[in-house]
Amino acid sequence: MHTHADQTLLVLASGSPRRRDFLSQLGLTFTVSAADIDETPHPGEEAAAYVLRLAREKARVVAERSPGAFVLAADTTVALGMTLLGKPQDPAEARAMLTSLSGKTHDVYTGVALAGRYDEALAVHTRVTFRELSAGEIDWYVGTGEPVDRAGAYAIQGKGGFLVARIEGSPTNVVGLPLGETLALLTRAGVPLAWKPTP
Ligand SMILES: Cc1cn([C@H]2C[C@H](O)[C@@H](COP(=O)(O)OP(=O)(O)OP(=O)(O)O)O2)c(=O)[nH]c1=O
């Protein structure tokens, strides 16, 4: 049955082009409505708890203005030990983040939440090991502009691929939406996954 409600059954509560592209590639029909929330971590908050809280909050805010819809949201953060690395504010902070990640293994967490017609949230963890980076490599990479708007100041799917020596776990989780876990969540929720070819 095709009713008007079916057209907006799934809402992506995100301004991230990466998340939109992932969902489109899966052939899902959805609308986009970004949630603007305070992303300040609580003192001592661990990465998994932090991304779960933010994903739930984003989904809840948009669910309130989208009656009857399944609302999907996500949040990604990089953790180096107990230190959370969000989006760098400027090139100097991007340089500092990349310097701290050089030659080390860090954790990337994405929280994924559904709210509205179905409530569930989960966090997915991927371990990423960086090569030893020279100051020149870091400067060049910061100069490309890619670190802006990326948790941990890098994009594994872009030029930032050169930074990475090893990855354990879901690659799409690092980019901002773990595809396997998200599809399983949408299936549990009963969101129709009928595939339609992407144009
Ligand atoms: C580590 C890493 C992060 N990122 C991105 C994914 C996320 O979009 C971003 C982290 O910011 P988020 O706060 O998770 O998301 P967002 O602000 O882009 O979008 P919204 O809150 O509206 O959903 O960093 C990459 O694209 N590649 C990477 O390798």
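This report covers the core, the paired strands and the ligand shell of one predicted model.

**The core**

Start inside. The largest nonpolar core has 54 residues. A55, A59, V71, L72 and A73 have the most contacts within this core. Helix α3, residues 47–64, gives the core its largest share, with 9 residues.

Now look at A73. Leaving out residues up to four places away in sequence, A73 touches A13, S14, A35, A55, K58, A59, V62 and A113. Two of the residues on that list, A55 and A59, are also among those with the most contacts inside the core.

**The paired strands**

Strand β6 takes part in both pairings below.

| β5 (residues 105–116) and β6 (residues 120–130) | antiparallel | 10 bridges | T105 with T129 |

β5 and β6 form a hairpin, and 3 residues lie between them. In a regular strand, side chains alternate between the two faces of the sheet.

**Around the ligand**

How many residues surround the ligand? There are 22. The closest are S14, G15, S16, I156 and G176. S14 is also one of the residues that A73 touches.

Which elements each supply at least two residues of this shell? They are α2 (17–25), β3 (70–80) and α6 (171–175). The largest share comes from β3, with 4 residues. By type, the shell divides into 10 nonpolar, 7 polar and 5 charged residues.

Terms used: Residues numbered from 1 in each chain as written. Predicted model: local features only at pLDDT ≥ 70, side-chain atom pairs only at ≥ 80, totals over all residues. Core = buried A, V, L, I, M, F, W, Y, C linked by C-beta atoms within 7 Å. Buried ≥ 20, exposed ≤ 12 C-beta atoms within 10 Å, placed from the backbone. Contact = placed C-beta atoms within 7 Å. Pairing = 2+ DSSP bridges. Near = placed C-beta within 6 Å. Nonpolar A, V, L, I, M, F, W, Y, C, P; charged D, E, K, R; others polar.
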